[in-house]
Structure formats: structure tokens, C-alpha cells
Amino acid sequence: MVGLGRDQQPRFPQCLRWVAENQQADGSWASHPAGADPLLVKDSLSSTLASVLALRSWGVADELVHRGLDFIRCNAWAATDKKQRTPIGYDIIFPGMMESAAALGLNLPFHPSAFQAMLQNRDLLLQR
């Protein structure tokens, strides 16, 4: 795993600590106040999934992981919503994070056909 030291500890524990200390009240790791812009849900989904992956990868803060997954479940609709603002790189990065989540045993609330469509879209973008 990237970031592992010789003793299987995070090389940057202060970063993991920051993630654990900065979850929003709604369970996300959004960079903006909840509800500030209803068109930025994809951004919140992306930052939240990245934070959940970091915590789960190191086996820490299970309660924060569950709260983050709850946020993702409540906002999964936005992942493929064309009306949402799409952060640069989202269509490539988010499906990859979804694959990582599945490898870690996290049950994300996306229908298999929606997941496959996101993967196919990513692959088309990468082929260009």
C-alpha cells in the first residue's frame, strides 16, 4: 500500500488525524458548508469517499466511516446526475475510488448497472 512505512504505520499520521477530526455534521468531508451550493454534491461525494477510504484502509475511526457511508447513501443520486457540477477529474477518479471501496469490503449504495456505466465512461475517457 502506498504510504506505508517499514512498521506498517502511516508515514503521515497527522494527515489521517486531520481526516478523523474534520468530518462535517452531515457525515461528509465537504469543503463547503452543508447546503451552501446544492449543485456541489458530487464534490462532497468525492471528498467523503476519499476520506472513508483513508480511514478504512488504516482500520481506524469506524464510527466516522459509517457516518461517511450514510452521507454517501443519502446522496448517491448525485453521482450520475447531469445537472450537478462535475469537478475536474471526477468521472475518472470517483469510479476508481468505488473500485477501491469494493476491494475494502465497503458496501456502496450504487446499482450495479450505474456502477458499470460509470466504469465504462471512465474507460472511454481514458482511451481518448
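Leu108 touches Leu49, Leu69, Ile72, Met98 and Ala101, leaving out residues up to four places away in sequence; contact here means heavy atoms within 4.5 Å. This is a predicted model, where local features need pLDDT of at least 70 and side-chain atom pairs count only at pLDDT 80 or more, while totals for chains, interfaces and linings use all residues. Residues are numbered from 1 along each chain as its sequence is written, and side-chain values use heavy atoms, with hydrogens and water left out.

- Leu108 sits in the loop between α4 and α5; helices are DSSP runs (H or I, at least four residues) numbered from the N terminus.
- With a relative accessibility of 14%, Leu108 counts as buried; the cut-offs are under 20% relative accessible area for buried, over 50% for exposed, and partly exposed in between (1.4 Å probe, protein chains only).
- Go 90 residues along the chain from Leu108 and you get Trp18, with 24 Å between the two C-alpha atoms.
- The largest nonpolar core has 28 residues, and Leu45, Leu49, Phe94, Met98, Leu108 and Phe110 touch the most other members; such a core is a set of buried Ala, Val, Leu, Ile, Met, Phe, Trp, Tyr and Cys residues joined through side-chain atoms within 4.5 Å.
- Each of α1, α2, α3, α4 and α5 (112–127) supplies at least two residues of this core, and α2 gives the most, with six residues.
- Phe94 has contacts with Leu45, Ser46, Leu49, Ala79, Phe110 and Met118, setting aside its neighbours within four places in sequence.

**Helix α2 against helix α4**

- The axes of α2 (residues 41–57) and α4 (residues 90–103) come within 10 Å and cross at roughly 35°; axes are lines fitted to C-alpha atoms, for helices over the stretch in contact, and angles run from 0 to 180 degrees between N-to-C directions.
- The crossing of α2 and α4 is left-handed, which means that the near helix is turned anticlockwise from the far one by less than a right angle.
- On the α2 side, Lys42, Leu45, Ser46, Leu49, Ala50 and Leu53 meet Tyr90, Phe94, Met97, Met98, Ser100 and Ala101 of α4.
- Sorted by type, the residues of this contact come out as nine nonpolar, two polar and one charged (Ala, Val, Leu, Ile, Met, Phe, Trp, Tyr, Cys and Pro are nonpolar, Asp, Glu, Lys and Arg charged, and the others, Gly among them, polar).

**Helix α2 itself**

- α2 has 17 residues and reaches 24 Å from first C-alpha to last, close to the expected 24 Å; the expected span is 1.5 Å times one less than the number of residues.
- Among the buried residues of α2 are Val41, Lys42, Leu45, Leu49, Val52 and Leu55.
- The cover over the buried residues of α2 includes α1 (13–21), α3 (62–75) and α4.

- Ala61 lies in the loop between α2 and α3 and is partly exposed at 28% relative accessibility.
- Gln8 belongs to the segment before α1 and is partly exposed, with a relative accessible area of 49%.
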